[in-house]
Amino acid sequence: MAGHGGSKRVIYAALAGNLAIALTKFAAAFFTGSSAMLSEGVHSLVDTGNGGLLLYGMHRAARPADRTHPLGHGRELYFWSFIVALLVFALGAGVSFYEGVIHIMAPEPVVNAKVNYIVLGLSFLFEGSSWLVALREFHQQKGKQGWLQAVQSSKDPSVYTVLFEDSAALLGLIVAFAGILAAELLEMPELDGAASIGIGLILGATAIFLARESKGLLIGEPASPEVQRQVLAIVQQDPAVQQANGVLTVHMGPQEIVAALSIEFEDHLTAPEIEACVERLEARLKTEMPEIARLFVKPQTTGTWEQRRKIVEAASGDEPDQAG
């Protein structure tokens with residue numbers, strides 16, 4: 001699947017680390033009775049399953065267009081990314097919060113706490129390695145944008161989902177370590193349960209943020225202003241085009257954009273000449289901007305385009321945008 005080599009590398013790294021960590025955490029929770037460690041085990045197990053779902057989504061999204069999905073299956077990745085966010089909230093955050101409440105209501109002292117510390121240290125090492133892989137990949141994708149801006153404008157949720165999950169995992173490990181240590185030093189086993197609730201809150205916040213971003217992609221987000229301007233610049237160079245009025249775009253996948261062009265052609269052109277112009281534009285855009293997977297062209301006067309654009313902007317409260 002073109003364009004997803006880096007994404008898959010990030011997910012495979014996270015899968016390998018999370019599976020090993022989950023098994024180790026569950027073993028430690030069984031021998032020590034730590035609520036926070038059990039929550040961490042559930043967290044890592046959920047992350048492992050989420051990695052598998054992201055890979056499945058990427059596989060499904062790579063299928064070509066067919067009669068039932070004429071614009072392709074690219075949004076399958078967005079759907080499964082949304083499911084991942086729901087699982088982080090329902091399983092990761094929900095189980096952690098529930099386990100923490102139960103442990104506070106019926107506290108039990110942690111035994112063999114050193115086992116927990118060793119496991120948490122190793123987990124931090126493995127999670128940190130996976131986090132660095134995701135961080136490097138996302139850093140290459142974001143360019144000069146700020147981190148939050150890059151996430152909000154990104155059309156590939158696979159990398160930043162793993163990055164946020166790993167970040168939440170590292171924070172969860174710190175909270176678990178602090179809770180277990182405080183419970184041991186202060187002889188207050190309730191603090192172990194409080195750490196579990198803290199882990200649940202971290203996962204809940206992460207899940208809500210990921211769900212919000214995935215929802216926007218699933219509903220349909222436009223291509224970046226830079227991409228729109230590039231499309232219009234290419235179209236305007238054709239001698240048969242009097243004015244490239246604007247372009248409406250929507251991402252069907254990270255590297256799949258559907259574009260609808262509004263063009264005012266030269267008045268003297270015949271229908272065959274307009275058809276030839278459209279074919280030239282399709283060929284050039286396919287060569288220079290392969291991410292434009294589908295192109296639709298509407299002959300339209302500049303005045304009509306501007307009138308309709310102003311109506312849309314007035315309804316949405318947007319600032320004027322020459323890209324359309």
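The model described here is predicted: local features need pLDDT of at least 70, side-chain atom pairs count only at pLDDT 80 or more, and totals for chains, interfaces and linings use all residues. Residues are numbered from 1 along each chain as its sequence is written, and side-chain values use heavy atoms, without hydrogens and water.

Helices (H or I, at least four residues) and strands (E, at least two) are DSSP runs, numbered from the N terminus. The axes of α2 (residues 35–61) and α6 (residues 157–185) come within 10 Å and cross at roughly 175 degrees; axes are lines fitted to C-alpha atoms, for helices over the stretch in contact, with angles from 0 to 180 degrees between N-to-C directions. The two helices are therefore roughly antiparallel. Their contact (heavy atoms within 4.5 Å) includes H43 and L54 of α2 and E165 and G172 of α6.

## Helices α8 and α9

Helix α8 (residues 225–236) and helix α9 (residues 271–288) have axes that come within 10 Å and cross at roughly 135 degrees. These helices are therefore oblique to each other. Q230, V231, I234 and V235 of α8 meet L281, R284, L285 and E288 of α9.

## Strands β1 and β2

Strands pair if DSSP finds at least two bridges between them. Strand β1 (residues 241–253) runs antiparallel to strand β2 (residues 256–265), and 10 bridges join them. A hairpin of two residues connects β1 to β2.

Definitions and conventions. Parallel < 35°, antiparallel > 145°, perpendicular 65-115°, else oblique.
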